[in-house]
Amino acid sequence: MNIIARAAVYIYDGSPMSPIFPSKPGKPADETGMYLSAVAEKLMNSDTSRTTCVEPGSAQEELLRRFGYTPFGEAADALMRGMDESMQALEIPRSGFDMAIFSFDKDNDPHLCVAYLPYRRAMVHQVDTEDEAVTTQILEHGFVLPLAGSKAFSGFVVNLSTGDIRLRDTAVLTNVGNRMLFSEALFAMAQTRTTKESVQAVSE
């Protein structure tokens, strides 16, 4: 398991306060760290992920490089603001998800993960107590994050030493048609094959 050093979670829940930026991102609690570590592993090892890189000399490349020489919270906020501006410009819906940005070391290299975590609906229980009377009920909750092993989320992990990226992307609707969220809408990334596509090409 990768030990998550620092994490910042940006909330796009459609509330009047949204998007909500954390004031003091830092080391996550143990259970949160385990969840984020599992998300990163899924992004790196999924057969629908691909190896790519950000366009050299681009503004996005500089935003990623900032994690090497500026405080994590400052670099994470700058990266999220850049992505948020792109979402606004392309009229990508800015609600119904959290965006997690977190760092960890792997094979002695610093890594950064950016994960798009769309909400799912789930049934949860609720217990109320009033005048010593206890009532229980089952309610629908619409702000549940995806399971770490699911196919519902997307994002990328970048090796900050080499610039190599493992990306699992998703299509979103923009004002210029369907675009891949990370490789086309929020960043400019090289077009490469996923692991699954590479295996299929060899078998053919």
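Select C53 and C113 to begin. The sulfur of C53 lies 18 Å from the closest cysteine sulfur, which belongs to C113, and that is too far for a bond. A disulfide is a covalent bond between the sulfur atoms of two cysteines. Here a disulfide is counted when a pair of cysteine sulfur atoms is within 2.5 Å. A search of the whole structure finds 0 disulfides.

Before moving on, note what you are viewing. This is a predicted model, in which local features need pLDDT of at least 70 and side-chain atom pairs count only at pLDDT 80 or more, while totals for chains, interfaces and linings use all residues. Residues are numbered from 1 along each chain as its sequence is written, and side-chain values use heavy atoms, with hydrogens and water left out.

Buried means under 20% relative accessible area, exposed means over 50%, and partly exposed is in between (1.4 Å probe, protein chains only). C53 is partly exposed, at 32%. C113 is buried, at 0%.

**Zoom out**

Show the whole chain as a cartoon. Look for 5 helices and 10 strands. Helices (H or I, at least four residues) and strands (E, at least two) are DSSP runs, numbered from the N terminus. The C-alpha atoms fill a box of roughly 65 × 45 × 40 Å along the principal axes. How many of the 204 residues are buried? The share is 41%.

Next, display the contacts, meaning heavy atoms within 4.5 Å. Take those between residues at least 6 apart in sequence: 62% of them join residues at least 24 apart.

**Strand 1**

Select A8. Which strand holds A8? It is strand 1, residues 4-12. Is A8 buried or exposed? A8 counts as buried because its relative accessibility is 1%. Leave out residues up to four places away in sequence, and A8 touches P22, P25, F72, A76, M99, A100 and I101. A8 and S23 are 15 residues apart in sequence, and their C-alpha atoms are 9.1 Å apart.

**A cis bond**

Move to P19, in the loop between strand 1 and helix 1 (30-45). Check the peptide bond from S18 to P19. This bond is cis, with omega near 0 degrees. Most residues other than glycine have a negative phi, and most peptide bonds are trans.

**Helix 3**

Select A89, in helix 3 (residues 72-89). A89 counts as exposed, at 55% relative accessibility. A89 and N175 are 86 residues apart in sequence, yet 8.5 Å apart in space, C-alpha to C-alpha.

**Two loops with positive phi**

Go to N108. The loop here runs between strand 3 (97-106) and strand 4 (109-118). What is phi of N108? It is near 70 degrees, a positive value in a residue other than glycine. N108 counts as exposed, at 78% relative accessibility.

Finish at E132. This residue sits in the loop between strand 5 (120-130) and strand 6 (133-144). Phi of E132 is near 65 degrees, again positive in a residue other than glycine. E132 counts as exposed, with 79% relative accessibility.
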